[in-house]
Amino acid sequence: MHDTFDILVIGGGINGAGIVRDASGRNLKVCLVEKNAVGSATSSWSTKLIHGGLRYLENYEFRLVRESLKEREVIKTIASEITTPLPFIIPHQKSLRPKWLIKLGLFLYDNIGGKMTIPKSSTINIKEEIPNILKDEFKVGFQYYDLQVDDRKLVELNVEDAKKKGATIIENRKVIDAKRNKNFWEVILDDDTILKSKVLINAAGPWINDVLSEVIKLSSNKSIRLVKGSHIITKSLYNQKKAFTLQNEDNRIIFVIPYKGEFSLIGTTETEVFSPENPKIDESEVDYLLNSVNKYFIKQISRDDVVSSYSGIRPLIEDFKEASKVTRDYIFDLNEEDSLAPLLNIYGGKLTTYRKLAENVLLTLKNHIRANNKNSWTANQKL
Ligand SMILES: Cc1cc2nc3c(=O)[nH]c(=O)nc-3n(C[C@H](O)[C@H](O)[C@H](O)COP(=O)(O)OP(=O)(O)OC[C@H]3O[C@@H](n4cnc5c(N)ncnc54)[C@H](O)[C@@H]3O)c2cc1C
């Protein structure tokens, strides 16, 4: 049996990976347990953007957008090898959002994150700057920048660095039981290994409430909604290194993004599901994505053009709004009942905010663990 860890994290997605990296750099004794390979679930099924979330401004999520824009700048520096700035074009659609609204949104997007090295937004003439891609009716576009990222690699780099700093990383082992004592947890894996830890962190993404009820055997005081998001991949629809942000009549937006040199990545949908297991695209989602593209592009695509697809599950914190309006922010639920060993459940989040989330985890736990090095450090050290 290992000695007692300071922190044991269940779940090797981006959030778990970010937490173990940050904690191990503060000389804490940490362990991460992942039931498959690290980064193999939601964190590799994303749209692969480090973005401020322009559309969250419509939901007045200024705090989240501001934090995300600041993090975009940090991640651009610390993960420069796996991120690329990419221009996004919003073709103007008179009947949907008026020009002044988009311009106001972009003005905020350019400015609320503070000083940026990423280019600012501009208005473009579609016919002159990107001819022969969009239908004739689209004349004016709005261009802004975000970062494209290799999402799975981002997880792996965090885990590798944590390992170098002494973290114990256990892959392909499921946590099946957790017993709570006064000063420590006893965590049991599916090969009967028993691990002890002063603090337990549940970073199981869309499995969070399953881990809580089936493994930790506590009831959750937060309910989540599982919302599937699917992408299709086609051969490149055009040969420019630009992405498109397409507005739909249902108020949602769809991205068309250059992908791996020869493909276009198109997503996403929002479909409520009831299990986080094996998400797969369904036909109505494929049609929704194809229709969105066909409304804008000269090149018309059909199911025959789809070479691949993937889906992921967003564990959104339930607030009884339309899926697109539910916050993408994260929430911590710290359980320190009856002076028993603490449990921290992590709800929600985005790839973009993982580093800040990890820093806030360490801050939240400051009364429970004694870190030798209390200072934040991950913003300045390359992955
Ligand atoms: C369709 C879609 C598109 C997205 N696009 C973006 C984007 O472009 N930019 C962005 O910033 N964010 C995006 N997001 C959000 C982002 O992907 C997620 O917030 C993030 O990946 C969640 O990471 P996580 O660590 O919480 O979860 P996960 O990556 O799912 O990790 C949780 C891990 O816990 C493990 N686990 C579960 N139960 C156990 C157990 N009992 N024992 C051991 N391990 C266990 C699972 O195997 C899993 O690997 C998107 C999300 C979706 C669904």
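## Thr-352 and the ligand

An oxygen atom of the ligand is 2.7 Å from an N or O atom in the side chain of Thr-352, a polar contact (a pair of N or O atoms within 3.5 Å). Thr-42 also reaches the ligand through its side chain, where an N or O atom is 2.5 Å from a ligand oxygen. For Lys-35 it is a backbone N or O atom that lies 3.1 Å from a ligand nitrogen. On its own the ligand exposes 1000 Å², and the protein buries 96% of that (accessible areas by the Shrake-Rupley method with a 1.4 Å probe).

Do keep in mind that this is a predicted model, in which local features need pLDDT of at least 70, side-chain atom pairs count only at pLDDT 80 or more, and totals for chains, interfaces and linings use all residues. Residues are numbered from 1 along each chain as its sequence is written, and side-chain values use heavy atoms, leaving out hydrogens and water.

## The shell around the ligand

Around the ligand there are 37 residues, and Glu-34, Thr-42, Ser-43, Leu-49 and Thr-352 come nearest (a residue is near if one of its heavy atoms lies within 4 Å). By class, the shell has 14 nonpolar, 16 polar and 7 charged residues; here Ala, Val, Leu, Ile, Met, Phe, Trp, Tyr, Cys and Pro count as nonpolar, Asp, Glu, Lys and Arg as charged, and the others, Gly among them, as polar.

Which element gives the most to this shell? Strand E16 does, with 3 residues. Helices (H or I, at least four residues) and strands (E, at least two) are DSSP runs, numbered from the N terminus. Domain 1 (4–42 + 152–223 + 328–364) and domain 2 (85–148 + 224–319) each provide at least three residues of the shell, with bounds from an automatic or database domain assignment.

## Two cavities

The whole structure holds 2 cavities of 30 Å³ or more. On a 1 Å grid over the protein atoms alone, a cavity is a set of points where a 1.4 Å probe fits but cannot get out, and lining residues have an atom within 4 Å of a point. Grid points are joined across faces, edges and corners, and a volume is the space filled by probe spheres set on the points.

The largest cavity has about 70 Å³ of space, and its lining includes Arg-72, Asp-110 and Tyr-144. The second largest cavity has a volume of about 30 Å³. Among the residues that line it are Gly-18, Arg-21 and Tyr-354, and H1 and helix H8 (354–364) each supply at least two residues of that lining.

How values were computed
A polar contact is a pair of N or O atoms within 3.5 Å; within protein, one must be able to donate a hydrogen and the other to accept it, and residues adjacent in sequence count only if both atoms are side-chain atoms. On a 1 Å grid over the protein atoms alone, a cavity is a set of points where a 1.4 Å probe fits but cannot get out, and a pocket is an open set with protein on both sides within 12 Å along at least five of seven lines; lining residues have an atom within 4 Å of a point.
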